[in-house]
Amino acid sequence: NRGIPCTLYEEPVVKEFEQEHGLDIRTLDDMDPRVVPFRYRYITAYLTELRNEVGPDLPIVASCFATQALNDRYGLDIRGWAKSGLVQHLLPFLWEWEQDPYEMDVFKELADATACKIWPFAFNGNLHRAKLPREHRRRTLELIRAGASGLAAWDAGLDLPPLNLGHVNELELWEELAVPLKQTDIHTIGGIAVDAVGTPHYCA
């Protein structure tokens, strides 16, 4: 599935909410305390059916949003899935439409308290395709240090240069070696001006 699973205003959702609460869910705030837990049930029901079909031994991996608020808004009960053991891996995704930073503290808390592994997307083709290799390495190292137990990538196809992220110790070595050299402005070489003021033709 190329997208995040979510629950919004599908016809069964609207009808069942009205039956239980006597209200039109479309008139309430997305984060209304009656709406959030109600929306949880649909994707959770799907995952429960999936677990029953595949049996207890096959890991289930679920993509999710990068923040607790976005997951709540779209009906993804990441805490419930992790605590119940329904999902073995959560893959937080940095959604380009709402680029809130990863709440890795939330996901690390889940990982520490459950058996669920957190594999955030270190590469998103829409967001990171034009970035330099050093930016991919820096982002990857930050996610690992924040508690990621693995990493995921989206749209990292054969048309892209290899990410070549290496192992964690290689990333840490790269970080030590990648400190930029101190910049020294050069104004003249052999008595000839080479700065923008002295030679605008060559420095334009």
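E11 is exposed, with a relative accessibility of 53% (exposed means over 50% relative accessible area, buried under 20% and partly exposed in between, using a 1.4 Å probe and protein chains only). This is a predicted model, where local features need pLDDT of at least 70 and side-chain atom pairs count only at pLDDT 80 or more, while totals for chains, interfaces and linings use all residues. Residues are numbered from 1 along each chain as its sequence is written, and side-chain values use heavy atoms, leaving out hydrogens and water.

**Confidence**
- The protein has a mean pLDDT of 86 (the predictor's confidence in each residue, from 0 to 100), and 88% of its residues reach 70 or more.
- Helices here are DSSP runs of H or I with at least four residues, strands are runs of E with at least two, and both are numbered from the N terminus.

**Around helix α1**
- E11 sits in helix α1.
- T7 lies in the segment before α1 and is buried, at 3% relative accessibility.
- Leaving aside residues up to four places away in sequence, T7 touches V13, R39, Y42, I43, R73 and Y74 (contact means heavy atoms within 4.5 Å).

- I186 is found in the loop between α8 (168–177) and β6 (188–189).
- I186 is exposed, with a relative accessible area of 51%.
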